[in-house]
Amino acid sequence: PIGRALLGERSHAQFLLPALGPAGADAPVTGGPAPRPVRVAAAPIVAPNGAILGAVAVLTDVTRLQAAAERERLLAELNSERTLLRAVLDQMPAAVFIVEAPSGRVLALNDAVAQVWGEPRPHTDAVSHYSEEWVGYHADGRRIASDEWPVARAAVAGQTVTDWVGEIERPDGARVTIEVSAAPVRDAAGRIVAAVAVAADVTARAQAAREREQLLDALAVERVRLAYVFQQAPTFLAVVRGPTHVFELVNPAYERLVGRNELVGRSVLEALPEVRDQGFIEILDRVLATGEPFVGRELPISLARTPGAPPEPRFVDFVYLPLIEADGTRSGIIAHGSDVTEQVQARLEVERLLAESERARLDAEAARADAQSANAAKAQFLAVMSHELRTPLNAIGGYVELIELGIRGPVTPQQREDLARIQRSQRHLLGLINGVLNYSRVEAGAVHYELGDVPLDAVLATCETLIAPQARAKQIALQVLDRDERLVVRADSEKLQQIIVNLLSNAVKFTPAGGRVTVTCARGARAGDEPGVVVQVTDTGRGIGMVEIKRVFEPFVQVDTRLTRTEEGMGLGLAISRDLARGMGGDLTAESTLGAGSTFTLTLPAG
C-alpha cells in the first residue's frame, strides 16, 4: 500500500502496521517478533518539472496511544453500565446492596434502602463513607451489628441465602420485619469479588401472617367449641339437602328426638315414614321453594322413638331456615329446635291443676256462702230461741218469788229450800241463754258500739264491786294494782265493763280458795306502735295447758270437759269478750302455765 501511495497517489496517507518488528535492539527475539501498532505518514518527492523523484515515509509507534484510547473506550462503557445499573437499582421496589468481598464495603445501593431502613441514602458513592467491617447499611456513624446480618456474612463467605426473615430497628425506634435474599458474585476465575443482597419490608405481610395464624388458632378453638356445642347441645340440629330432603348432618339431640341413628344419607321420608301425613314435608318444600323461614311453636308430632313401637305424641319448637350457597341458590334446609314435650305436659298439668283449683275455689265460695247462710240461720235461730226461752224462765222466776212471799199461802222451811234451788237453777239457765243470745248477736255483727273516752279507773272500780262478793265467798284476795285515774281508753263503756267482769269472774271461778286475783293497768303500745292501754287480769288458778290455750277463745270450748267438773258455763264468755275487744279496735290474748295460773291481757286504744 505504501508503494502504491508513493507511486500512484499524489497525497499522503497514514497506515497502522501491526506486524513490524521491534524498534530497538532491546526487544525480545525469542518467540518471534511481537506485533506493534505504528502510524505511517508518506509523501512523494516532486521535481520542479513535476517529475516524482522519490518518497519520504515517517513511522510512529502508537502502542501507548492505542492503549489510552482503549482505556477511554472501556471507561465509557463502564460509565454506561454504571448508569444502567443505577437506573435498574433505583427502579427496583426492593432494597438492593452490592458489597465488596471480603471487606464488605458498599459498592452500590438503591433508594429503596431508605424506605426499608428509614435512613437517608448518602449523596456520595465514596466507599470511605462506610465502615471497612460493614455487613449492613451504615449511615451517620450508626452501625447495625454484624451479628444481626447472618445473611450478609453468609453471602460474602460464598453461600446463597433465600427468604431470610428478621427484624431491624429504625432510627425512630420502630421495629420492622424484613425478608432478605443474598448471593455471592464470582469473577471468571471463580473468586468471590462481591455479594448482592435484596431486602424487602415485609412488616405488613408478617403482621398479616401473624394475624392469620391468630385467626386460624381462634378458628380452630371455635371449631372445637362448635363441635362440642354441636355434640352436647340440648337443642336438635339437622341439615337436609333438597329437593329430596336427604339428611346431611344431624346431632345427637336430633337422634334422641326421633329415637334412631344412622340418618345421614337417607331421606326424611325414608328415615321417618311416620311424618308423611303430618305436614312437615310440605313445610320443607315451601321453605326450599320460597326461601321464607318457618317458625313452629309447640307443634304436635308423632314419632316411633323405638324401632317397631307405635308412634308416640311429642311437642317441638323448631325453625326451618333455607340453606343458601355462595351463588345465592337454595340447596337445602337447616332445622333447629327443641323437644318441649315435658314443658308442654307440665304446663298442661298446671293448667289442669289451676282449673281444678278454680273449681275448688268456686266450690269453696259456694260452701262458704252456704255456711254463712247456715250461720245466719243458726244465729237467727239462737236469737229466737233465746228470746222464747227467756220468757218462760222469767215467768218461773216470778212465780217462785210469789210463792216465797207467801202470797199463795204459808211456805214451810223445806219448801223455801226447794224454792231457793229453783231460783238458782232459773238464774243459771237465764245466764246461759243470755250468753247464747249475746254470742249470736256478736257473730252476726249486730252489736252496736258507742265509742268514747272512758276513764279506766271508774270501770275497774265498778267491776271490782260486782265481783267482790264472789271472791269473798271463796276467800280469794281480789286486788287492783297501780291505779291511775288519768288512764283513759277509747271504748264502749258497757262493752268494756262486760269484758272485765267476765275476765274477773273466770279468774275467781277457776282459782281455788285462798288464791289471789290481781288487776294491773298501764300505758303501752298496740300493733303499729300506736298508743294504747293494757289491762291484765292474773290469777293463781290451776292454769291452762299448751294445747287448750290455743282453743280457749273458740266458742263452746271448756278447758275441763269432764262431767264431774264443778265450774258452770258454756264456754262463750272468752269468745264474746275477744270479739267485743276487737270490735273496739283492741285485742284480748292469754298466757298460762299449767299449775301456776293464767294472765289475760286486754289491749285498747288510748283515749
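Me: What does contact mean here, and which residues does N251 touch, leaving out those up to four places away in sequence?
Reply: Contact means heavy atoms within 4.5 Å. The model is predicted: local features need pLDDT of at least 70, side-chain atom pairs count only at pLDDT 80 or more, and totals for chains, interfaces and linings use all residues. Residues are numbered from 1 along each chain as its sequence is written, and side-chain values use heavy atoms, with hydrogens and water left out. Not counting residues up to four places away in sequence, N251 touches F230, A233, T235, F236 and L237.

Me: Where is N251, and is N251 buried or exposed?
Reply: N251 sits in the loop between β12 (246–250) and α6 (252–258). Helices (H or I, at least four residues) and strands (E, at least two) are DSSP runs, numbered from the N terminus. Buried means under 20% relative accessible area, exposed over 50%, partly exposed in between (1.4 Å probe, protein chains only). At 1% relative accessibility, N251 is buried.

Me: How many aromatic pairs does a search of the whole structure find?
Reply: Rings of Phe, Tyr and Trp (its six-membered ring) pair if their centres lie within 6.5 Å; planes under 30 degrees apart count as stacked, over 60 as edge-to-face and the rest as tilted. Searching the whole structure gives six.

Me: What kind of aromatic pair do F236 and Y254 form?
Reply: Their centres are 5.6 Å apart, with 75 degrees between the planes. F236 is in strand β11 (residues 236–241) and Y254 in helix α6, so the pair ties together parts 18 residues apart in sequence. F236 is buried at 5% relative accessible area, and Y254 is buried at 11%. The pair is edge-to-face.

Me: Why is the pair of F318 and Y320 called tilted?
Reply: F318 is buried at 3% relative accessibility, and Y320 is buried at 10% relative accessible area. The ring centres of F318 and Y320 are 4.6 Å apart, and the pair is tilted because the planes stand at 45 degrees.

Me: Which residue caps the N-terminal end of α12?
Reply: A side-chain oxygen of the capping residue lies 3.1 Å from the backbone nitrogen of E494. The cap is D492.

Terms used:
Polar contact = N/O pair within 3.5 Å; in protein donor to acceptor, adjacent residues only side chain to side chain.
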